[in-house]
Amino acid sequence: MIDTLFLVGLAASALRFATPILFAALGETMAQRSGVLNVGLEGIMLVGAFAGMVGAVWTGSPWGGLVIAMACGMALAGLHALFCLTFRVDQILSGIALIVLGTGLSGFGWRLTLGGTGTPPKAPPFPRLDLPGLSDLPVVGQILFQHQPMVYLGIALAFALAWFLRRTTWGLEIRAVGENPAAADAAGIGVLARRYGCVLFGGAMAAAGGCYLSVSQVGGFVENMVSGRGFIAIACVVFGQWRPLRVLCAALLFGAAEAAQIRLQLIAPHIPYQLFVMMPYVVAVAALVVVARSTRLPAALGRPFVPDR
Amino acid sequence: MKTMMALAMAALLAALPAEAKTLKVALVLPGPITDGTFNSAANQGIEKAKGKYDIQVSLRENTQFAEIEETLLSYARDGYDVVIGHGFQFAEPAMKIHKQFPKTWFIVNTAKVAEAPNLASFDNRWGDAGYVAGAVAGLVTKKGAVGHVGGIPVPVIKEYNDGFGRGAKRMRPDVKVLSAYVGSFSDVAKGKEITASMIEGGADVVTSTGNENVLGTIQAAKDAKVMAIGTAFDAAAIAPDTVVTTALINMDTNIDMAIGKIVDGTIEPKNYLLGFNENGLGLAPYRNFADKIPAADQQKITDLIADIKAGKVTDLPAIQ
């Protein structure tokens with residue numbers, strides 16, 4: 001059963017599994033680099049999945065759905081920023097509140113809008129981005145060049161953020177704010193403004209990940225559909241050592257583990273399926289253990305900034 | 001005279017509440033009523049019962065595993081007459097607490113627990129439903145490979161899985177039967193990916209059991225333009241040109257029946273197991289596929305259901 005067709009399916013499936021996690025993890029990377037922990041990704045992704053679906057149906061375009069999802073994600077993340085940065089509430093507590101809030105808002109919102117009507121309407125799907133010439137290549141074409149646009153956007157985003165953090169003044173300022181806010185403040189960098197910006201960006205990206213899940217991958221919304229991906233995204237940030245390209249690798253590794261486990265279930269039906277289902281999580285935990293030693297945790301992560309004046 | 005009046009008053013007081021008493025019913029669900037399958041069915045059942053009996057219903061959705069015992073306890077303490085847990089996972093907590101509240105009936109749906117004096121359960125013969133779904137799949141498959149994607153292998157889903165394989169082989173002995181589990185009832189995206197991998201592996205008829213994950217299987221079948229067989233809740237409306245039929249598991253009947261039996265006082269602390277004979281199972285119409293399935297094949301399915309009803313099918317899955 002292990003042949004080219006099998007591997008092609010596996011690789012393509014890994015990319016699809018990785019994409020929603022990648023978006024959320026990249027957004028969280030930026031928030032954490034600026035010093036703010038947001039454990040509420042799960043809730044924001046759920047709201048993104050719901051708002052993306054409703055937005056796509058209402059505007060008649062998947063891109064309209066994506067924009068509305070990102071706006072809603074920013075609104076939720078804005079709440080988190082307000083509590084953590086302005087009111088200096090504990091960041092973990094505020095994040096947990098976001099999970100509960102997001103679960104409730106998405107479920108209730110769904111019933112108020114499209115979910116209340118017997119058969120939910122279908123959202124206009126993202127067109128598959130077939131690249132002339134490339135998509136028809138044997139093997140590689142099927143793995144790399146026959147996906148929906150958000151898959152490529154996610155990968156491009158990882159490269160863009162890596163460049164942004166390393167090569168631009170803003171990137172440097174964000175890193176400074178996350179490592180030593182007092183010094184950054186003394187140098188005239190607005191700590192809170194940078195942190196607000198990063199948290200809002202993180203919210204928009206988590207919601208984009210949720211929107212991919214509902215509008216692009218499934219083509220429908222069901223309550224609780226994010227199913228823990230928000231937490232895996234946080235693990236990917238740590239495993240990726242807060243660097244966008246490594247976070248991309250972490251998300252791909254997780255996606256590959258998922259894609260592999262569902263196929264192994266079919267190949268080896270006599271082995272208890274739980275062994276396969278837990279595989280991606282074992283990979284995540286093992287990766288964290290390996291990485292934890294050489295941690296590059298932003299020094300001011302999770303600490304509120306109190307201006308010294 | 002005084003004594004007589006007191007007696008009359010006492011008799012009146014005793015009689016009144018029994019006459020006008022509204023039954024307080026709590027229905028505790030593991031997921032949302034919008035899932036289009038498992039939890040929607042429970043909601044449908046309680047709505048049906050509301051129309052027939054004098055009941056006041058409290059509905060609780062999205063009950064996490066760890067909250068089950070506390071939820072059941074709080075309803076019982078609040079004096080509910082009936083507490084219904086919808087799902088296998090409610091069996092153990094109900095077993096643990098039911099004796100503390102002898103005035104409350106505890107009903108567990110889709111499980112097989114029972115204990116005197118006040119714990120009963122209702123379940124359907126999921127294995128028989130799977131058997132019929134498998135038989136349909138075995139008849140309509142062109143490539144000779146069919147697949148079942150389960151949510152989490154709780155007993156009823158395992159029974160369905162066993163039945164699906166046996167039913168398919170009854171109609172086509174050389175059929176290849178694939179089986180996999182999502183490991184979650186809500187992860188619709190993973191359900192879709194697993195189904196897609198089955199279709200890549202050659203399956204051209206797929207079915208699914210669970211909650212929201214079922215939607216993922218039907219979507220995957222629709223995207224790949226292969227056939228799907230719905231489970232529990234009629235799925236034709238979601239994808240009319242994909243869903244051949246649905247092996248109906250009338251979980252709403254269970255709830256309706258449970259409340260009916262409590263109202264008329266005939267309920268016993270035992271497990272009620274409903275199959276085709278008791279309207280606990282059924283098969284949805286073929287609709288868009290009515291013209292595509294040869295009449296002889298349709299007759300085979302009709303005969304099979306008649307045989308199951310008559311107890312003539314010997315390899316139905318064992319009840320777990």
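Two residues are in contact here if their C-beta atoms, placed from the backbone, lie within 7 Å. The structure is a predicted model, in which local features need pLDDT of at least 70, side-chain atom pairs count only at pLDDT 80 or more, and totals for chains, interfaces and linings use all residues. Residues are numbered from 1 along each chain as its sequence is written, while chains are lettered from A and ligands numbered from 1 in the order in which they are written.

**Stop 1: where the chains meet**

Select chains A and B together. At their interface, 26 residues of chain A are in contact with 28 residues of chain B. On the side of chain A that touches chain B, at least two residues each come from helices H1 (4-33), H4 (91-112), H9 (191-218), H11 (244-267) and H12 (273-277). Helices (H or I, at least four residues) and strands (E, at least two) are DSSP runs, numbered from the N terminus. By class, this side of chain A has 11 nonpolar, 11 polar and four charged residues. Ala, Val, Leu, Ile, Met, Phe, Trp, Tyr, Cys and Pro count as nonpolar, Asp, Glu, Lys and Arg as charged, and the others, Gly among them, as polar.

**Stop 2: helix H6 of chain A and its partners**

Next, select H1(A) and helix H6 (residues 149-167) of chain A. They pack at an angle of about 25°, with their axes 9 Å apart. This makes H1(A) roughly parallel to H6(A). Axes are lines fitted to C-alpha atoms, for helices over the stretch in contact, and angles run from 0 to 180 degrees between N-to-C directions. Angles under 35 degrees count as roughly parallel, over 145 as roughly antiparallel, 65 to 115 as roughly perpendicular and the rest as oblique. Residues of the contact include Leu15(A) and Phe23(A) of H1(A), and Gly154(A) and Leu161(A) of H6(A). The residues of this contact of H1(A) with H6(A) divide into 11 nonpolar, two polar and one charged.

Among the residues that make the contact are Ile155(A) and Ala162(A) of H6(A), with Pro244(A) and Val247(A) of H11(A). The contact of H6(A) with H11(A) has nine nonpolar residues, no polar and no charged.

**Stop 3: a loop in chain A**

Select Trp242(A), in the loop between helix H10 (229-239) and H11 of chain A. Phi of Trp242(A) is near 60°, a positive value in a residue other than glycine.

**Stop 4: the sheet of chain B**

Turn to chain B, whose secondary structure comes to 10 helices and 12 strands. Six strands of chain B form an open sheet in the order S2-S1-S3-S4-S5-S11, with parallel pairing. Two strands pair if DSSP finds at least two bridges between them. Strand S2 (55-60) and strand S11 (271-274) of chain B stand at the edges, each with a single partner strand, so one side of each is left without a neighbour in the sheet. The twist averages 15° from one strand to the next.

Select strands S3 (residues 82-86) and S4 (residues 105-109) of chain B, which pair in the parallel sense over five bridges. The bridge partner of His86(B) in S4(B) is Asn109(B).

**Stop 5: a proline in chain B**

Finally, select Pro117(B), in the loop between S4 and strand S5 (119-124) of chain B. The peptide bond from Ala116(B) to Pro117(B) is cis, with omega near 0°.
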